[in-house]
Structures are given as structure tokens and as C-alpha cells.
Amino acid sequence: MPEHILVVEDEPTVRSFIEEYLGSQGYRMSGAGDGAGMRVVMEKQDVDLVILDLMLPGEDGLELAREIRSGSDVPIIMVTGRADTVDRVVGLEMGADDYIPKPFEARELLARVRSVLRRSQRTAPAREESAARQNTAAFAGWRLDRGRRHLSGPNGEEVRLTSAEFDLLVAFVSNPDKVLSRDRLLDLVYGREMFPFERSIDVLVMRLRGKIEEDRANPTLIKTVRGAGYVFTPEVVAK
Ligand code: CA
């Protein structure tokens, strides 16, 4: 089954360009011109990736990213028209997995689509291996199941993470008590084929802290090491 990609973009020429190009690469494509159109597609069909334009009539891409994130961890690539990095950072805070600035080259878009889909699909093959490997780790009352990509809190509640947040937590849990530079974390989370800006790690750490720290302003699990990066402080026990 080809992966299903939804393009939310109000400019018909851009939307049909993306649909035709990615369609020619073997993906199944749907298009929508605004939030209402996006909802129609997402209510009726499974979507594997959303390419979301920032500037849309009515609700903008940031509002729509937040809405998608409230109920789903489907990967989102945000398309920003503005050069302003603030919008990109806010987009990542809203739960986008990556962004691509306009104008972009078709090949660059394809590289990002492949990379984001590959990350979100690590789950499936990992599931098979998980029985044989010790895939569950515990820290400070939390349980992280790498194979099932599942995180549960001290009270047993499931905490939903986006694929990038999950990969970041795995990077920390796999390297407890070690200072990890932003550069190293970029490698561990996004891989070498991508070139996100360093600030995106800070945003991701902030989002993860918001989900696992009691007080994200005074974190006790993920500590900032000034000028060096971050360190994961709790004791990690393999289960
Ligand atoms: Ca637009």
C-alpha cells in the first residue's frame, strides 16, 4: 500500500505541483485548500503524512497543526513562506516534525518526506525485534518501551509523544548521565541526511520537558548544561 500524503495548501498551482510530483514518486495523494477540506479527508481516510502550508485563509497552519496534534501523532511537514525563523520554531512547538521554506526544490521536498516517513515507520519493524531484545527501560517511575514506542508515566498513564519527541527521549535514555551536545542530539534524532537548525533541538527538549517534567521551568530529568548541551540525569534500568 502506498503511503497516503495530504497536502493542505490554498494556492492551486503549488498544491497540484506537490500532488503531481509526489504522486509520480509513488505516493497516494490528497489535497485540501483549507482546514475544512483537511478535516474532510482526515475524518474519512488514514493519512500517513500531512504537508501543511503555514499561510492559509481562515485558520492558519499553526492552528491546524495544533488541532491535528490534539488527536493524532501523524507526521507533519510545515511549509513556511516567511523567512522568519520564529514561525518555524513556533511550527515545531505546535508539533510539526519538520519544516520546509518556500520556495523549495522538488527533490528537497521528496528528501524530507522520505525522511519523516522513515522515522515514523521505525515502529513497524521494531515491533518484531522487541520480543527478543530488552526494549523497555525505566527511569524515575517512567517506563519507555522502545519497540512499541510507548511511554507510560509514574501513575501508569500513557503519554503520547510525536515521533521526534520519542526519538529524543530514546537518545537520552540510551545515554544517561552523559552530556549530549545539540549537534549529537540532531544526529541521534534527525539523522545525518537532514539539516534542521540547532534551535530545533531546544524546541524539542522544551516539548519533551512539558510532557515528562513536573515543572518544566525547573527540570529535574533533562538538565541544561550551559554551553555544552543537555544531560539526562535519572538512573535508567533495563527491564
Ligand atoms: Ca498559502
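**Figure 1. Helix α2 and the lining of the largest pocket.** α2 gives the most to the lining of the largest pocket, with four residues. This helix spans residues 35-44. The model shown here and in the other views is predicted. Besides α2, at least two lining residues each come from α3 (61-71), α5 (106-120), α6 (123-130), β8 (150-152) and α7 (163-173).

**Figure 2. Centre and make-up of the largest pocket.** The largest pocket holds about 710 Å³ of space. It is lined by 32 residues, and those closest to its centre are S72, D73, V74, P75 and R160. By residue type, the lining of the largest pocket consists of 12 nonpolar, eight polar and 12 charged residues.

**Figure 3. The largest pocket and the two domains.** Domain 1 covers residues 4-120 and domain 2 covers residues 129-238. Because both domains give residues to the lining of the largest pocket, the pocket lies between them.

**Figure 4. Surroundings of T162.** T162 sits in the loop that runs between β8 and α7. Its relative accessible area is 2%, under the 20% limit, so T162 counts as buried. Leaving aside residues up to four places away in sequence, T162 touches R69, D73, G95, D97, R207 and K211. One of these contacts, D73, is also among the residues closest to the centre of the largest pocket.

**Figure 5. The calcium site.** Three residues coordinate the calcium ion: D10 and D53, each through OD, and M55 through O. The coordinating distances are 2.1 to 2.3 Å. Along the chain, the donors of the calcium ion have the spacing D-x42-D-x1-M. D10 and M55 are 45 residues apart and link distant parts of the chain. D10 belongs to the loop between β1 (4-8) and α1 (12-24), while M55 belongs to the loop between β3 (49-53) and α3.

Figure 6. D10 has a relative accessible area of 30%, and M55 has one of 43%.

**Figure 7. The protein chain as a whole, for placing the close-ups.** The protein chain has nine helices and 12 strands. It is made up of 239 residues, of which 49% count as buried. Among contacts in the protein chain with a separation of 6 or more, 58% are between residues 24 or more positions apart.

Terms used:
Residues are numbered from 1 along each chain as its sequence is written. This is a predicted model: local features need pLDDT of at least 70, side-chain atom pairs count only at pLDDT 80 or more; totals for chains, interfaces and linings use all residues. Side-chain values use heavy atoms; hydrogens and water are left out. On a 1 Å grid over the protein atoms alone, a cavity is a set of points where a 1.4 Å probe fits but cannot get out, and a pocket is an open set with protein on both sides within 12 Å along at least five of seven lines; lining residues have an atom within 4 Å of a point. Grid points are joined across faces, edges and corners, and a volume is the space filled by probe spheres set on the points. Ala, Val, Leu, Ile, Met, Phe, Trp, Tyr, Cys and Pro count as nonpolar, Asp, Glu, Lys and Arg as charged, and the others, Gly among them, as polar. Domain bounds come from an automatic or database domain assignment. Buried means under 20% relative accessible area, exposed over 50%, partly exposed in between (1.4 Å probe, protein chains only). Contact means heavy atoms within 4.5 Å. Donors are N, O and S atoms within 2.8 Å of the metal (3.2 Å for Na, K and Ca); water is not among the atoms, so sites may look incomplete.
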